[in-house]
Amino acid sequence: MTAISDRDQLSYIAAQAADARVNVELETEGMTLNIGPQHPATHGTLRIVAKLDGEQVIAADPVMGYMHRGYEKLTEVRTYPQVTTLINRIDWVGSFANEVPFILAAEKLMEVEAPPRAQWIRTILFEMSRIANISLFLGDMGLQVGAVTPAFFAFRDREHVLNQIEAVTGGRFHPNFDRIGGLKDDLPAGWITETKRAMKKIRSFCDEIEGLLQGNEIFEARTRGIGVIPADIGLGYGLSGANIRASGVDWDTRRDNPCGLVHDELDWKVWTHVDGDSFARFWVRLQEVRESTKMVDQLLDGLPGGPVMAKVPRIIKVPAGEAYVETENPLGVMGYYIVSKGDLVPYRVKIRSASFNNISITPWLLKGVYVPDIVTILGSLYFILGDIDR
Amino acid sequence: MIAAITDPWWFQTTLRVVGGLAAVLLVAGTLVYLHLFKMVSFMQSRLGPMEAGPFGSLQLLAEVGKFIQKEDIFPRKADRFVFAAAPFVVLMSTFLLVVVVPGGPDAWFVDSEIGIYLGMAVSSVSVIGILMAGWGSASKYSLLGGLRATGQLIAYELPLILAVLGVVIQAETMNMQGIVLAQAEGEIFGWGAIGNPYILTQGVAFLIFLIAMQAELTQTPFDMPIAESELVTGYMTEYSGMRFLLFFIGEFATAGVFSAIAAVLFLGGWYIPGIDPANNIMNVLGPIVLITKVVVLTFIVFWVRFTFPRFREDQLQKLAWKVLIPIALANIVVTGVLKVAF
Amino acid sequence: MSRLSSTDTPEETTDAAEAALDGPRNELLARLASQLGDGLVESHLVPGDDLWIRVTRESWAEAAGYLNTGLGFQYFNFLSAIDWMPSPFGRDMDSQVDITLGHDESSEIDASLEHGVAGGETRFQVFARVNDIVNGLGVTVKVDIPDDDLSLVSWTSVYAGANWHERECWEMYGISFDGHPGLRNIYLPSGFEGNPLRKDYPLLARRLKPWPGIVDVEQMPGGDEEESGDDS
């Protein structure tokens, strides 16, 4: 884990400046390139209007909304369980994690606490959705820089985790499993041993990716020093998750503000990196997946018995009030601000999605980078369109 | 070829044309099936095409059929002649290149005294074809890809040629047949059992040739011009149907032909230790031996292609100019000195 | 474990007891009150949990500056708005549940504004949340926007991340932000008319076809039991 040398950093900046100077001297005209909305690199329909000068970006402006589904308006006409179905689809890769903050906020307003077993299973599924999501990132990062093979390994090994999620919840991508007061169902028989086996496979997958991508000199040359985000800029833009931890900020909502999940009863570590470049973000996420597998193992060992659902009325009316809960979702910090007027449906739900803030830094970040680096940087920031566009 | 020079000219020409087509297309097809369909699939823990024919062996036929029956699309602002001619220019350079490769003691298309020099010269023609494709597509993505390709291909021709120069110095001839025979009849410190394949003495040049070949073929890690995750397919983006098939075949055929040249230069070509080079059986066995060596070399090329990420353009250029060319020059100096000394 | 809010409502406990419960937040509130003075209109503190404050429009920018530089709240979380007017369309739900609870289309809709925590006087309120990473605190800042002048000072000079959030607020509610570098639509096409998240902007899907709610599921071919669908 070496920091990029100052000399390399300076030489990259000097090269960019030299290019810019040449472009000015030659009085070249800029070219406007539309990256997206249909494009292999952007994970979904994100459009970036980039003004290029040669191979350098002068200005980049993301245009979003191709997938805007109006979730915040839709939540105003749905009952709380119906909203749960809806919000599964915000970050569709990190399935279960979307529901958790919403349910926790509703439970806070209702002053209901889920039984311990439900909380532990929630945490297990939460961490498993993180593993599923970030494994996709690990394979996909290789694809962004040109290595086609790690993506296949990622999909192959994610299947084990998705199978386990499906065995419990019935859905691979949209579990719709969390309920106010607990969970819909209990675990099936034999699930715990199967999941431990799946965790072992994920660990070997992480080792494979480490050897294949992280140790590759070409990968390092493509990602080290690219897209450096200083910590204070990151905080000002509201970056979260591995993006901010890769810039050296030691902040993890699971440790600092656990709310309804049982992370404070586990023995785990928050990973940070000092560089703040694309390599650091990749590295931090790789370590986080490994850490998550260890957490799931601990959770499976210590799973308490008991019911999975607290006593809640059949028709749920959440008392009036406002509550905000945020959790450390795979993509970053996701929060739901629920305004309730004591009705069956929420009055207003503000969805704080991680990728919206993460991508808001791109106009600042992409100034002066080369075109191939746009893809590397976007890949390392890792967004899911549903999370940006809601 | 085997038939004497007394045959009428049209018979010889037909023979050469058919032989040339076969050498290029059959080899390309075999490489596509073996490496692109099967090898990469196994690397990625999947099976690859299995439906068309036993173990998917007729998949390429199905693909050809699919491509042929597609609509011929021209982008509206495209320069029609340039757009249409580009694949042919690229393919033409491949065909021109294959004529210098000897398949056996008498099985050659052209036995020129400047064999390898001619080969290197005509292989540069493909750069024009790629630039035509990038420009004629009237699309910014294609233009970017075409310009990147031009820079890259021109940069990497130098290490290619400089690596070859070491072999030429050692073989004392530019004639391809002569190079094969020099390796066949050479000796390693007096032991002549396997001849003297130049991979042993020109190992550095071999590596440089492989790297430069990878770049000339615009394969990962040097596939910035194609860069699938950024430019969709770079200069080939606007091509569909038969024209795309021509590019596709050209890519694999060029890989095969370059590997054949590498086999001739460094691995002994059609020579196989144990059989006298002048033996007439080598006219039949020679091509088979050569194709085997080609398959081995292309295996390396595609193995690297599907494993590594790609270089950025400036890193690519830095590698060519600051690393490969100095090493190649040093190799030439050392070869020259040792040639004179021993 | 999750924090249960105390059974006593916060307004009833004494200040001393509150201070004993949540020192950092009380101190934060005190410092904000002393800095903003009259600018701080109302506050709501849930001990051990969260803090809401409501400021005047004039002190919106000052609050941001003080939070960022003076109190160390450098992390920008989000910024959005709430429309407190009850929807004139009701809940657009025809379900039996709604009818049994007396909430059908024919019942009158109370158009009076009822505000949430930290009070409010106007229909629109902009609220933003910033965090202090080091101490693990967060504060939600609310401000009232008068109906005749839907504008507010932009936070982009203090928090760079507010840029996109304010653009979204602008297109969804029609609240403009002075000093914003480029206020334009972020999700919707540029020619879009209307502000979708306002309560009087109808949700067209529901206008077209109200939600059926509890329905009787059709019998399976050859099936015997008739199940009633569940909408919970």
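This is a predicted model: local features need pLDDT of at least 70, side-chain atom pairs count only at pLDDT 80 or more; totals for chains, interfaces and linings use all residues.
Reader: Which elements of chain B have the lowest and the highest mean pLDDT?

Author: Helix 10 of chain B, residues 228–231, has the lowest mean pLDDT at 52, whereas helix 9 of chain B, residues 203–216, has the highest at 90. For chain B as a whole the mean is 83, with 95% of residues reaching 70 or more.

Reader: I noticed B:Glu172. What is its phi, and is the residue buried or exposed?

Author: Phi of B:Glu172 is near 65°, a positive value in a residue other than glycine. The residue sits in the loop between helix 6 (140–171) and helix 7 (176–185) of chain B, and it counts as exposed because it has 11 C-beta neighbours inside 10 Å, where the cut-off for exposed is 12 or fewer.

Reader: Then A:Glu111, where does that one lie?

Author: A:Glu111 lies in the loop between helix 4 (99–110) and helix 5 of chain A, and it has a positive phi of about 55° although it is not a glycine. With 14 other C-beta atoms within 10 Å, A:Glu111 is partly exposed.

Reader: Switching to the sheet in chain A, in what order do the strands come?

Author: The 3 strands form an open sheet in the order 1-2-3, with antiparallel pairing. Strand 1 (31–35) and strand 3 (56–63) of chain A stand at the edges with a single partner strand each, so one side of each is left without a neighbour in the sheet. Neighbouring strands are turned by 20° against each other on average, direction ignored.

Reader: Which residue stands opposite A:Thr32?

Author: That is A:Lys51 in strand 2 of chain A; strand 1 and strand 2 (residues 47–53) of chain A pair over 5 bridges in the antiparallel sense.

Reader: And the hairpin in chain C, how many residues lie between its strands?

Author: There are 3 residues between strand 1 and strand 2 of chain C, and C:Gly48 in the turn has a positive phi of about 75°. These antiparallel strands, residues 40–46 and 50–55 of chain C, are joined by 6 bridges, and C:His44 stands opposite C:Trp52.

Reader: Last topic: how many residues of chain C are in contact with chain A?

Author: 36 residues of chain C are in contact with 38 residues of chain A. Strand 3 (75–83) and helix 5 (162–173) of chain C are the elements that give two or more residues to this side of chain C, and strand 3 of chain C gives the largest share, 6 residues. By class, the side of chain C that touches chain A has 19 nonpolar, 11 polar and 6 charged residues.

Conventions: Residues are numbered from 1 along each chain as its sequence is written. Chains are lettered from A and ligands numbered from 1 in the order in which they are written. Two strands pair if DSSP finds at least two bridges between them. Helices (H or I, at least four residues) and strands (E, at least two) are DSSP runs, numbered from the N terminus. Axes are lines fitted to C-alpha atoms, for helices over the stretch in contact, and angles run from 0 to 180 degrees between N-to-C directions. pLDDT is the predictor's confidence in each residue, from 0 to 100. Two residues are in contact if their C-beta atoms, placed from the backbone, lie within 7 Å. Ala, Val, Leu, Ile, Met, Phe, Trp, Tyr, Cys and Pro count as nonpolar, Asp, Glu, Lys and Arg as charged, and the others, Gly among them, as polar. A residue is buried if 20 or more other C-beta atoms lie within 10 Å of its own, exposed if 12 or fewer, and partly exposed in between; C-beta atoms are placed from the backbone.
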